[in-house]
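This briefing covers the packing, the metal site and the charged pairs of one model. Please read it with the sequence and structure open.

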Amino acid sequence: MANMKSLRKINFIFCLLGLFIVSCKNSTIEPVTQFVFGTVCTVNLFEEGTKDLYKEIFSKLNSIDNTFSVKKKKSEISKINSCAGKNKVEISQEVFELLEFSKYMASITDNAFNPTLGALINLWGIGSKNQRVPTDSEIEEAKQHCNPSMLNLFTENDKNSNTKYFAQILDEQTEIDLGGIVKGYATDEIVKILQSKNVKKAVIDLGGNIYVYGEKDDAQKWKVGIKNPLANFDKTMTEPILILTVESGSIVTSGNYERYFMKDDKIYHHIIDSKTGCPSENNLLSVTITYEKSVVCDALTTAYFVGGINSDYAEKMGLRNCNIIFIDENLEVFAREIK
Ligand code: AMP
Ligand code: MG
């Protein structure tokens, strides 16, 4: 259990609107925005922004989406899902490694982060035209098919000793869904491109999955606002609830306001607790994490949103230089710093 004394209550500020960059200098070339991963993705390369570099970055993002999306029938993940309970599927090293990492995150978080939640995600359909509150027996049934141990990952060598990568889902109704981690993975892949091109300064925002890269010109730190979780419900709340001052690194938030529907005054949001089979309920409205690797932030914010404020996943992973910020239903802010 995490030490509750290490949770520092911060006075909350009455202000709102999304996770957004508060202070950046004017760019000579406009940032570029495209709709990828079913969300708005913006990259700002400031003075170093060239058409070619933006093109390379967005083609990488689209390629990752085409590889991992369960909404695209030809994606590698869809191929594995469609062969569930039948046969193994040869996959790329890239997919193998992210699946392996996802299974590791499931083991660290006792399945609070669960990459095999497809059956429950489809059942609830949050954000789709089929969204609804399922019956208890439907939930019980779908829960049986959300076990990460049903996903087998293995390698084989061909006759030229080249490694081949495989995935096989052992249960016919189990489905992979990497929606809780893929934007973080994609963000880190863009950071690799920025490093290879010696870009000095950039901001990546994949639907609120942020990376502030490099140093600001004036040697100041970046300032990033955390959205007031009630902003979607009360349009008068347009200011960030908190402004973080950060060095180069990723800032990711999972919140119940991102995708949800309401029925009988109750919010049914898109982050599912595989233990109950329902949207998680633990008095949290959002969890934000700052850390150098966005894929870790992405998996962990989803996991903490399910596991709650006393979970100790980051400590279990041995992370350093990581901040976790919880906002609860009273809009109180709790921050934990892991040095
Ligand atoms: P995020 O916004 O990163 O917290 O991810 C939420 C998305 O991840 C959902 O829309 C689902 O596609 C998927 N998801 C929902 N619940 C979980 C969970 N407990 N573990 C892993 N992925 C999840
Ligand atoms: Mg996530």
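Helices (H or I, at least four residues) and strands (E, at least two) are DSSP runs, numbered from the N terminus. Isoleucine 80, for instance, is found in helix α2, residues 76-82. The model is predicted: local features need pLDDT of at least 70, side-chain atom pairs count only at pLDDT 80 or more, and totals for chains, interfaces and linings use all residues. Residues are numbered from 1 along each chain as its sequence is written, ligands are numbered from 1 in the order in which they are written, and side-chain values use heavy atoms, with hydrogens and water left out.

**Nonpolar cores**

- A nonpolar core is a set of buried Ala, Val, Leu, Ile, Met, Phe, Trp, Tyr and Cys residues joined through side-chain atoms within 4.5 Å. Buried means under 20% relative accessible area, exposed over 50%, and partly exposed in between (1.4 Å probe, protein chains only).
- The largest nonpolar core has 71 residues, and those with the most contacts inside it are Ile57, Ile80, Leu99 and Leu300. Helix α7 (residues 294-307) supplies the largest share of this core, nine residues.
- Another core, of 18 residues, lies apart from it and has Ile241, Leu242, Ile325 and Leu331 among its members.
- Isoleucine 80 is buried, with a relative accessible area of 1%. Leaving aside neighbours within four places in sequence, isoleucine 80 is in contact (heavy atoms within 4.5 Å) with Val89, Ile91, Val95, Leu99, Ala167, Ile169 and Ile176.
- The C-alpha atoms of isoleucine 80 and valine 70 are separated by 10.0 Å, and the two are ten residues apart along the chain.
- Not counting residues up to four places away in sequence, leucine 99 touches Ile77, Ile80, Ile91, Leu151, Leu153, Ala167, Ile176 and Leu178.

**Magnesium site**

- Donors are N, O and S atoms within 2.8 Å of the metal (3.2 Å for Na, K and Ca); water is not among the atoms, so sites may look incomplete.
- The protein donors of the magnesium ion (ligand 2) are Gly180 (O), Asp298 (O), Asp298 (OD) and Thr302 (OG1), lying 2.1 to 2.4 Å from the ion.
- Glycine 180, in the loop between β7 (163-169) and α6 (182-196), and threonine 302, in helix α7, are 122 residues apart and link distant parts of the chain.
- Threonine 302 is buried, at a relative accessible area of 14%.

**Salt bridges**

- A salt bridge is a side-chain nitrogen of Lys or Arg within 4 Å of a carboxyl oxygen of Asp or Glu. The whole structure holds 13 salt bridges.
- Glutamate 47 forms a salt bridge with lysine 201, and their closest N and O atoms are 3.8 Å apart. This pair links distant parts of the chain, 154 residues apart: glutamate 47 is in the loop between β4 (39-44) and α1 (51-68), and lysine 201 is in strand β8 (residues 201-206). Glutamate 47 is partly exposed at 41% relative accessible area, whereas lysine 201 counts as buried at 4%.
- Aspartate 110 and lysine 275 meet in a salt bridge through their side chains (3.2 Å, N to O). Aspartate 110 lies in the loop between α3 (93-108) and α4 (118-124) and lysine 275 in the loop between β15 (272-273) and β16 (278-279), so the pair ties together parts that are 165 residues apart in sequence. Lysine 275 is exposed, with a relative accessible area of 52%.
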